Amino acid sequence: MRTLRPTTLKPVPTCQTALSKGLRRAVVLLMVVMSWAARGPLLASGAPAQISAPTHEGPQSPKQSSPEQGGTVLQEKPAVGYLLRVKLPIDGESYQRAKLFVRKALERARARNHRPILIFHFQLRPDQQEYGRGSEFGASSDLARFLTSKELSEARTVAYICQSLQGHAVLVALACDEIIMAPDAEIGAAGVDEQVIEPDMRSTYRLIAERRRSFPADVALALLDPAVELVEVKTDLGTEYVLSDRVEELRKQKRTILGQRVLIPAGQLGKFTAEEARRLRLISYLASDVRELARALEIPPESIEEDLALSENWVPIGVSLKGPIDSDKVRRVQRIIEDAIRDRQINLVVLEISSPGGSISQSMQLANFLGPGLRKEQVHTVAYVPEQARADAALVALACSQLVVHPDAILGGSGAVEPSQEDLQLLRQAVKNPEGPWAHRSWSLALAMVDSSVEVYEYRRRGQQQLFSLEEMEEMAKRDPTAAEWIKGQRVATRGGLKGQKAGEVGLADFVVRDFAELQKEFSLEKGVPWAEPGWAQHLIDLLARPEVAGLLLAIGFFALYFELHTPGVGLGGFIATVCFLLFFWSRFLGGTAGWLEVLLFLAGVVCLLLEIFVLPGFGIFGLGGGLLIIASLILASQTFVIPRNEYQMQQSMQSLMILVGAFLGVLVLAWVARKWLPRMPVVGRMFLPPPEPEEAEQIRQREILADYHDLLGAVGITTTPLVPSGKARFGNRLVDVTADGELIERGKKIVVTEVQGYRVLVRPLDEH
């Protein structure tokens, strides 16, 4: 601490009075120094500002109380950053947008019991060339006064300058509690757009600077007015920055001037580089990107929410990503979003994900498009997971700006495809990329969504909760000394996936909602979200892909085949069976679970069964092989793998088997109903071969036991029922069960017996023999 020089006192009547006055003066000087040490330069109206050497303590919100300041020690709320990109130059629209952002952010922070940090990220509009020039003084002044009003007393405001800032936008930065700049940025030249600096401009800059005390008032005026000269003066109480015409005031205050130099000469607008501003304690930290900004604010990068709903009206579009992820689905999603950006100028994409994963490389491609790709277009992305985003599908969800989940949804864990070691190594490199789509999240958590060998733990710090692996925490400790403040908790199991409720508790999910209506409410989407769907065909595919509908299609298809075999020719049953099987494979093919292999297996199985029935009678290798081929094709068409290798794949295999079992039971029920009731129906009964009555069936059985039909070999008769391929025929006065040897034979046709095998009589039409 600097030693104060003794002050010469005037003669006083008594020694006690003189001592009292001396003590009071010393106390006043001591309070000045202590006040600056706690809050920065003393900026009382009319008094010059002091700036001493910088300390190594981190920034502290002026709204917080501490025991040293005499405040009440309360349980600290977790801090959350709300980021607004302030488009330059500032105009009336910027002012209204910032007010809306502040009020919605404060309302959200109160509802969540958070301590809000409002971050104003200054960015150039695409059509502007000079950074910050052209900002309106009136709009900038209104915004600065709003930021220093009592309405923001519960928030901490931060100006983040990633490039050089000039014009009256500087006034808005001065209105924030603290300023953080990129290392190569500059701040200054606030009056660059003005020919004449009016008195109301000077008074406004002085007022804002004195309210916030981040920049001394005289420094703020030097940035605005080229007519003034800023001087650095070293006194017995420290270094002070004052206008040249106020140096004499320091002497009148009995300050000892140890030296002085011109910092900003008259005739030029003041500017400071980031390094100069940091050395002069005008700014608190340097940060190259949002991750370093979060570290400076002592919050995790995941705690910074960039939500356009807080600041502007949405132009949204909804896109669905359902089923296994493949190149076709990725191209479809990208094409829909690109067309919407070009044709409708959207600024919000709601991506509904219901997928078991499918391809790490394709998921990474889509993640890069949704992350860095759309951020360049100033498009906000929200991933909505109502059911599941397993395995690599979770990478797509985590690449979005925000994540919204159902409490029972599953993130990560085993999925449709077991990743290879090459895929995992490629993913490990990608998640660590500071410019990649997962840079705003914990890289180890993104990796753990796919790689079950990565273990993550709960870490807590100052009311915040995050998930890190031991490896990531070790890396953080090497580059950030404050990483030691994180307290390790229990391990979080991710092998089977992370529940949506848990994802919300650990801060991975931004919102946990019960339905899409709650999501619309959170994002102020009162008008709804228009969904970019291909049309009715996609809805039909989703419907047909449901397990219960798929089982019903198979049951109807197989029953229709059974019906066709009991009716003459290829009629209604064959048509219905063909439609059912086409719909089944079409939905599976477009859903990504079936390919040409499954279709060919099914057709081969059908051909084998037809050979067994019509060409090679008996139940032999073709019948058994054909049945197995059909079963294999239907199972493979319902999943993306052949042999299950994880828990999820086992569940999918069981579901595929249950579909087949359900279809088989359905066929049995329908066949029983058909045999019992269809022959008695007026129209269908004439097309359907009815079963014999019990008495007739017993007579047939007795005849077949004693039957010897070798005498019928070469006999000619007439069919009394359709032969499909079995039926009845009359030879004289004898009614015999016969089987067509080849094509189906209609009722009333003449036939001839070509072969007799025990009680089995094979016949052909007479005109063919």
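Predicted model: local features only at pLDDT ≥ 70, side-chain atom pairs only at ≥ 80, totals over all residues.
A few ground rules come first. Local features are taken only where pLDDT is at least 70, and side-chain atom pairs count only at pLDDT 80 or more, while totals for chains, interfaces and linings use all residues. Residues are numbered from 1 along each chain as its sequence is written, and side-chain values rest on heavy atoms, with hydrogens and water left out.

Strands here are DSSP runs of E with at least two residues, helices are runs of H or I with at least four, and both are numbered from the N terminus; two strands pair if DSSP finds at least two bridges between them.

How many residues of β14 are buried? Seven of the seven are, so the strand is largely enclosed by the rest of the structure. (Buried means under 20% relative accessible area, exposed over 50%, and partly exposed in between, with a 1.4 Å probe and protein chains only.) In a regular strand, side chains alternate between the two faces of the sheet. Both faces of β14 are covered, with Leu348, Val350, Glu352 and Ser354 buried on one side and Val349, Leu351 and Ile353 buried on the other.

Ile317 stands opposite Val349, and in β15 the bridge partner of Val349 is Thr381. Val349 and Thr381 are 32 residues apart along the chain, yet their C-alpha atoms are separated by 4.8 Å. Leaving aside residues up to four places away in sequence, the contacts of Val349 (heavy atoms within 4.5 Å) include Ile337, Leu374 and Val379.

There is also an open sheet of three strands, β16-β18-β22, with mixed pairing. Its edges are β16 (388-389) and β22 (498-499), each with a single partner strand, so one side of each is left without a neighbour in the sheet. Strand β18 (residues 410-411) runs antiparallel to β22, and two bridges join them; Ile410 stands opposite Lys499 in β22.

On to the helices. Eight of the 11 residues of α3 (residues 137-147) are buried, so this helix is largely enclosed by the rest of the structure. Among the buried ones are Phe137, Leu143 and Phe146, and the cover over the buried residues includes α2 (92-112), β3 (115-124), α4 (169-174) and α5 (199-212). In α15, the buried residues are Glu472, Met473 and Met476. They cover an arc of only 100° around the axis, which puts them on the same side of α15; the arc is that of the directions from the helix axis to the C-beta atoms. Glu474 and Lys478, on the other side of α15, are exposed.

Finally, the whole structure holds four cavities of 30 Å³ or more. The largest contains about 230 Å³ of space and is lined by 19 residues, with Arg295, Pro300, Pro301, Met476 and Asp480 nearest its centre. Elements giving two or more residues to that lining are α9 (290-296) and α15 (470-479). A cavity is a set of points on a 1 Å grid over the protein atoms alone where a 1.4 Å probe fits but cannot get out, and lining residues have an atom within 4 Å of a point. Points are joined across faces, edges and corners, and a volume is the space filled by probe spheres set on them.

Note on methods. 1 Å grid on protein atoms, 1.4 Å probe; cavity = no way out; pocket = protein on both sides within 12 Å on 5 of 7 lines; lining within 4 Å.
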